[in-house]
Amino acid sequence: MDKIRAVLRTAEKGMLEHFDNHIQVIDPHIRPKQEPKQVLQPLLKCIIAKKVATMQYLALYNNQLTVREIEPVGIYYGTDNWYLMAWCKLRNAYRSFNISRILSFTPGEIDFEKDHPTLKTLITSIDEVMHTVKLKVDKSALRFLGMGKYVFGLEKEEEEGDDNDNSENEENG
């Protein structure tokens, strides 16, 4: 409410007090308690020193907090976010973590247990495991996809019955 009051004129601020019980901001997601910039410096030090670290991470797929012991390899920017590429000891695999979802980051004193490929090599390997997915969406629902469809790699849109989709008709005909 304070942010709303801050942009109102003085005369309007008094009126807003009557609406306190009628305005609610709902935020179902847990927000990181630590700004990414507070995580960034110790994270970069761990990458350079090749030290194991422990972090609390809020997983996007289930919104659950997990504690991960990691060997951070590098950071990169993509799809409007900064990401950490690291060897995750919990999953025994390389994982990409959205830095804004790291709630706490604790550098350790233990050296990496293994040699890691370069960040560039790891990012290239992510691209190699991409799969082509075709979605059939009712035209009335398209407006709800918004710009997100491009973030997830939309390559083309076709309306059913377009001349571009003759392969299915040829197979069935």
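I count a salt bridge where a side-chain nitrogen of Lys or Arg lies within 4 Å of a carboxyl oxygen of Asp or Glu. This is a predicted model, so I note that local features need pLDDT of at least 70 and side-chain atom pairs pLDDT 80 or more, while totals for chains, interfaces and linings use all residues. Residues are numbered from 1 along each chain as its sequence is written, and side-chain values use heavy atoms, with hydrogens and water left out.

**Salt bridges**

I looked up E159 and found its side chain in a salt bridge with K139, 3.2 Å from N to O. E159 sits in the loop between helix 6 (148-151) and helix 7 (166-172), K139 in the loop between helix 4 and helix 5, so the pair ties together parts 20 residues apart in sequence. Helices here are DSSP runs of H or I with at least four residues, strands are E runs of at least two, and both are numbered from the N terminus. For burial I use relative accessible area with a 1.4 Å probe and protein chains only: buried is under 20%, exposed over 50%, partly exposed in between. E159 is partly exposed at 47%. K139 is exposed at 56%.

I then checked K89. It bridges to E71, with the closest N and O atoms 3.7 Å apart. K89 lies in the loop between strand 3 (81-88) and strand 4 (93-98), and E71 in strand 2 (residues 65-78), so parts 18 residues apart in sequence are tied together. K89 is partly exposed at 23%, whereas E71 is buried at 1%.

What does D111 pair with? D111 forms a salt bridge with K51, the closest N and O atoms being 2.6 Å apart. D111 is in strand 5 (residues 102-111) and K51 in strand 1 (residues 51-58), 60 residues apart. D111 is partly exposed at 46%.

My count by this rule is four salt bridges.

**Nonpolar patch**

I found V133, L135, V137 and L145 making a nonpolar surface patch of about 400 Å². Such a patch takes Val, Leu, Ile, Met, Phe, Trp or Tyr with over 30% relative accessible area and no salt bridge, side chains joined within 5 Å. Areas are Shrake-Rupley with a 1.4 Å probe. V133 lies in the loop between helix 4 (119-128) and helix 5 (142-145). V133 is exposed, at 63% relative accessibility.

Notes. Patches are made of residues with over 30% relative accessible area and no salt bridge: like charges are joined within 9 Å, nonpolar side chains (Val, Leu, Ile, Met, Phe, Trp, Tyr) within 5 Å.
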